[in-house]
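Trainee: Before I use this model as a starting point, could you go through it with me and set each label against its cut-off?

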Amino acid sequence: GGGGAEGEKPLRRIAEAFEPLAASAKSKGSSSSSPPMEVGPFSEACSRVSILFGCLGFAFKFAEKDYVSKVEDLAEASKSFSTLQSLLDLDIGQNTVRQGGSHSRNLLRVKRGIDMVRVLFEQILVTEGNSLKDPASVAYEKVFARHHGWAIRKAVAAGMYALPTKAQLLKKLNEDEASAKIQMQSYVVSSAPVILYIEELFHSRELGIDW
Ligand code: 1PZ
């Protein structure tokens, strides 16, 4: 129990959701500007990542709540905005880009979440042994640590000791070593252009991404 129904392949579902987004991110727009990316498919792909929290133990419940609420905000926004650019442009017009709970701010946080998973998988792929502590610590350091205050960093560091082993994680995800490798690699490849694309959306509007 705990890892979803028999026969389900959550890792493949995650990887598959990012493939069309990657294709769209890499396609050239009509002008020098980025091609549009739809909010709905993006938030749907990000919501598939949430299953990983349940596989990583109680320590990550608080991260899950925060991530899921931000993805839900984007899903809700998809009812009023078709593209990520229109969502950013609304906040720019209202001067609410950095405001707590704004769609733009949530988008930047969610982008970090999918980036952390990308680095985590990358690290799992190159790390020997059965512990997830080093891969998870590297991923957190690279993506989130500098954006979080002392208390959160300490809580995350403590949570690293409560992680399952890699074997336990793969079992919950209904994968073996070889199949997991394929799906993780696939996510690493397809998430990268999506992450870069979102960063470029912020850069091209001179909004910065380090806040
Ligand atoms: C094996 C890997 C396990 C490590 C997982 C570590 C996850 C990071 C823990 C982050 C705790 C987040 C607590 C809340 C932080 C919020 O203050 C910030 C800012 O939010 P705002 O002020 O804009 O409302 N939120 C974030 O930084 C987003 C955190 C999302 C965490 C997603 C992690 C995705 C990794 C999943 C791996 C399963």
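Trainee: Which side chain has an N or O atom 2.7 Å from an oxygen atom of the ligand?

Mentor: That side chain belongs to R105, which has an N or O atom 2.7 Å from an oxygen atom of the ligand. The pair counts as a polar contact because that term asks for two N or O atoms within 3.5 Å (within protein, one must also be able to donate a hydrogen and the other to accept it, and residues adjacent in sequence count only if both atoms are side-chain atoms). Bear in mind that the model is predicted, with local features needing pLDDT of at least 70 and side-chain atom pairs pLDDT 80 or more, while totals for chains, interfaces and linings use all residues. Residues are numbered from 1 along each chain as its sequence is written, and side-chain values use heavy atoms, with hydrogens and water left out.

Trainee: What do D66 and K70 contribute at the ligand?

Mentor: D66 has a polar side-chain atom 2.8 Å from a nitrogen atom of the ligand, and K70 has a polar side-chain atom 2.8 Å from an oxygen atom of the ligand. Taken alone the ligand exposes 850 Å², of which the protein buries 88%; accessible areas of this kind come from the Shrake-Rupley method with a 1.4 Å probe, and for residues only the protein chains shown count as cover.

Trainee: How many residues surround the ligand, and which are the closest?

Mentor: There are 23 residues around the ligand, the closest being D66, K70, R105, R109 and H148. A residue is near a molecule or strand if one of its heavy atoms lies within 4 Å of it.

Trainee: What is the space taken by the ligand called?

Mentor: The space taken by the ligand is the largest pocket. On a 1 Å grid over the protein atoms alone, a pocket is an open set with protein on both sides within 12 Å along at least five of seven lines, whereas a cavity is a set of points where a 1.4 Å probe fits but cannot get out, and lining residues have an atom within 4 Å of a point. A molecule sits in such a space if more than half of its atoms lie within 2 Å of its grid points. The elements giving two or more residues to the shell around the ligand are α3 (51–56), α4 (61–77), α6, α7 and α8 (150–159), and the largest share, 6 residues, comes from α6. Helices here are DSSP runs (H or I, at least four residues; strands are E, at least two), numbered from the N terminus.

Trainee: Does S190 count as buried or exposed, and why?

Mentor: S190, in helix α10 (residues 177–204), has a relative accessible area of 5%, so S190 is buried; the limits are under 20% for buried, over 50% for exposed, and partly exposed in between (1.4 Å probe, protein chains only). Leaving aside its neighbours within four places in sequence, S190 is in contact with A15, F18, E19 and A22, where contact means heavy atoms within 4.5 Å. F202 also lies in helix α10 and counts as buried, because its relative accessibility is 0%. Among the contacts of F202 beyond four places in sequence are L88, L107, L108 and W211.

Trainee: What makes N130 partly exposed?

Mentor: N130 has 38% relative accessibility, so N130 counts as partly exposed. N130 is found in the loop between α6 (103–126) and α7 (133–143), and its side chain reaches the backbone nitrogen of A167 at 2.9 Å. The C-alpha atoms of N130 and A167 are separated by 6.5 Å, although these residues are 37 residues apart along the chain.

Trainee: What can be said of the phi angle and accessibility of E206?

Mentor: Phi of E206 is near 55 degrees, a positive value in a residue other than glycine. E206 lies in the segment after α10 and has 74% relative accessibility, so E206 counts as exposed.

Trainee: Where is N174, and why does N174 count as partly exposed?

Mentor: N174 lies in the loop between α9 (166–172) and α10, and N174 counts as partly exposed because its relative accessibility is 28%. Phi of N174 is near 60 degrees, again a positive value in a residue other than glycine.
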